[in-house]
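Have a look at the structure first.

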Amino acid sequence: MRPDILNPLFAETETLEGVGPKMKKPLDRLGLTRVRDLDYHLPERFVTRRAVEDVDEAGEGEQIVVRLTVTEHRGGRSPRAPYRVLAQDSVGNVLALTYFGRAFYTAKKQLPVGETRWVAGKLERFGDMLQIVHPDHVVEEGGETLQRLCEPVYRLSEGLTQPKIAGLVEQALARTPELPEWIEPSQLDKEGWPTWRDALVLTHKGENTSARDRLAYDELLANSLALMLVRADNRKRKGQPLRGDGSYRGRLELPFPLTGAQRRSIAEIEGDMAQEAPMLRLLQGDVGAGKTVVALEAMLIAVEAGTQAAMLAPTEILARQHFDSVRRMAEPTGARVALLTGRDKGKAREATLMGLLDGSIDIVVGTHAIFQDKVAYKNLAMVVIDEQHRFGVGQRLMLASKGKRAPHVLAMTATPIPRTLTLAQYGELDVSKLDELPPGRQSIDTVVMGQAKIGALVERLAAQISEGRQAYWVCPMVREMDGPDDIAAAEARYAALRERFGEDVVMVHGQLAPEIKDAAMERFARGEAKLLVATTVIEVGVDVPNATLMVIEQAERFGLAQLHQLRGRVGRGSEKSFCVLLHGETLSETAQKRLALMRESQDGFYLAEEDLRLRGGGELLGTRQSGDTPFSVASLEQITDLLPKAYDDARLLMERDGGLEGKRGEAARVLLYLFERDFGVKTLRGG
């Protein structure tokens, strides 16, 4: 149960003054639903202003605070024309305060002729006149503007203003209690960090690296501790030791010999499964490295030991794909494989449920439908979770509860993760890595070209289609955004390509209904459609060996590893494959390096490390899209720098300081609830 001391922090934002139904909507859009969320809605940057006696002291483009006397109001000739308020500083310099749109109502109210006001804003020049456009603050003499020389700038949503959000943050901080200290005292002294509450207040007041680092460290410590508790709990549980006799695996007929990395990973998994403590292992494999074969070997160990195995996929199309390949490979062994998804109904579904219950089905592949209440197993002892970041701990726990004892769990991900982040995301798992590609897997030629050459590219595409090949065309978004950027949108591109290729083109994006999306994907997978226009929803798992061309439009907008994931959708058959990275007119230095790296390398692990080095922050590995990064406070620089220290601190708490018992343990329990890592307290298991 959440400690009482945290109750003020988890109160809804409606309990704050000024938050009604109208204000709640923009706050909800930003995820600010509780007092705690406002505390952690940290400023993106700060505006630093200088107080000047007169504007001669200031430079153009500078943020200033100056005392002005209003001399005249000048309305525009049309509603669209600017409304100007003329004012003088202490030595008589004339300055225009310029307003657009309906803001002139504010100007009339705040700036009566003859009155003196403190005005804060950016000093600019328009023709011969100095001006401040839409001043940030206008305050009566004796007001507080001079205390606002350093002002936070927050991320906003439509319907919110900077002063409004700053006022709500102020209210939230006023309600924030002091919390007990959870950081190891020597670590606190060494870093010279403030207390938790002081760190929050200081971070909202101005640039303060020490306070920001303290808050990031708290989040990393909570995560490390939760994962350690899950791991410790897992080791205490009793699973079923599973030892296979090779009777099924010996009959496998694989299209190519196993790589050294596959053999090593299988040996590690076999060793884990032979133990009584349930396996909790992550299989990291680059695109096309052969994770499914390793997973099948693991599931067959369970079958040889007289138990059942389940494979969980995040989407129906991925589940069907896995089912087809697992069934095909397992056929010579005699293992009975079934598919179960939410779409299965009637007698077919009943037959599958009966087969799982009586043990006549050895391996089931499916979506979350495989752990629903009505699904019961005779003896589930092994679970494979594909694209494991798509599943919450609660979902995985439900699947784990289907076994008589805690089943062995093998989680898989096709996203290569830098060494630094593996600890952050999968600290409770042992890790196996597939860093070799199977023989016969073709390299993909990667070409970088400007958007201007799109006509020639469409002709190349037409040639591919006429030869019976298929292709992907990926756009960074669903619809065009308002604004100057010519951002490729899937719907506009689909319309243009459909004019050229007709019924051969299908489209998939995240805003389509699941059944429409699945139908389009199935048409493409069966070869009925030749061209799939999509957003990044096809990043993971789609396997169409006949697809030999991948076009990624506005490629500079994607992360390195996301580009690598998308490229991995082609090159799965025997024909030569190509990836074309289309870019806009202007490329930043980072974008140029990223596209050059894509041309040079097809090693996902190398690209992931380079991605981290190049960006140092922002979106990594496309993780902002997939939700793969579990942190909202810590930046990538902070993760790299502070995570090893937080991990050691968490281990010290577990091994020396008695875990969650004792004084520091009580404080750590508060920390886990504060960051909603309380699955660690409850030691929910599930990877």
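Let's start with glutamine 240, which counts as buried because its relative accessibility is 16% (buried means under 20% relative accessible area, exposed over 50%, partly exposed in between, with a 1.4 Å probe and protein chains only). Keep in mind that this is a predicted model, where local features need pLDDT of at least 70, side-chain atom pairs count only at pLDDT 80 or more, and totals for chains, interfaces and linings use all residues. Residues are numbered from 1 along each chain as its sequence is written, and side-chain values use heavy atoms, with hydrogens and water left out.

**Glutamine 240**
- You'll find glutamine 240 in the loop between helix H7 (209-236) and helix H8 (260-273); helices here are DSSP runs of H or I, at least four residues, numbered from the N terminus.
- Its side chain makes a polar contact with the side chain of asparagine 379 at 2.7 Å (a pair of N or O atoms within 3.5 Å; within protein, one must be able to donate a hydrogen and the other to accept it, and residues adjacent in sequence count only if both atoms are side-chain atoms).
- Setting aside neighbours within four places in sequence, glutamine 240 is in contact (heavy atoms within 4.5 Å) with residues including Met273, Thr307, Asn379, Arg405 and His408.

**Proline 194**
- Proline 194 sits in the loop between helix H5 (185-191) and helix H6 (196-205).
- With a relative accessible area of 16%, proline 194 is buried.
- Not counting residues up to four places away in sequence, proline 194 touches Ala199, Leu202, Ser210, Ala211 and Arg214.

**Largest pocket**
- The largest pocket holds about 1200 Å³ of space; on a 1 Å grid over the protein atoms alone, a pocket is an open set of points with protein on both sides within 12 Å along at least five of seven lines, and lining residues have an atom within 4 Å of a point.
- Of its 42 lining residues, Thr292, Ser325, Arg328, Asp543 and Arg572 are the closest to the centre.
- H10 gives the largest share of that lining, 10 residues.

**Largest cavity**
- Searching the whole structure turns up 1 cavity of 30 Å³ or more, a cavity being a set of points where a 1.4 Å probe fits but cannot get out.
- The largest cavity has about 120 Å³ of space, and its lining includes Asp286, Arg441, His564 and Gln602.

Note on methods
Grid points are joined across faces, edges and corners, and a volume is the space filled by probe spheres set on the points. Helices (H or I, at least four residues) and strands (E, at least two) are DSSP runs, numbered from the N terminus.
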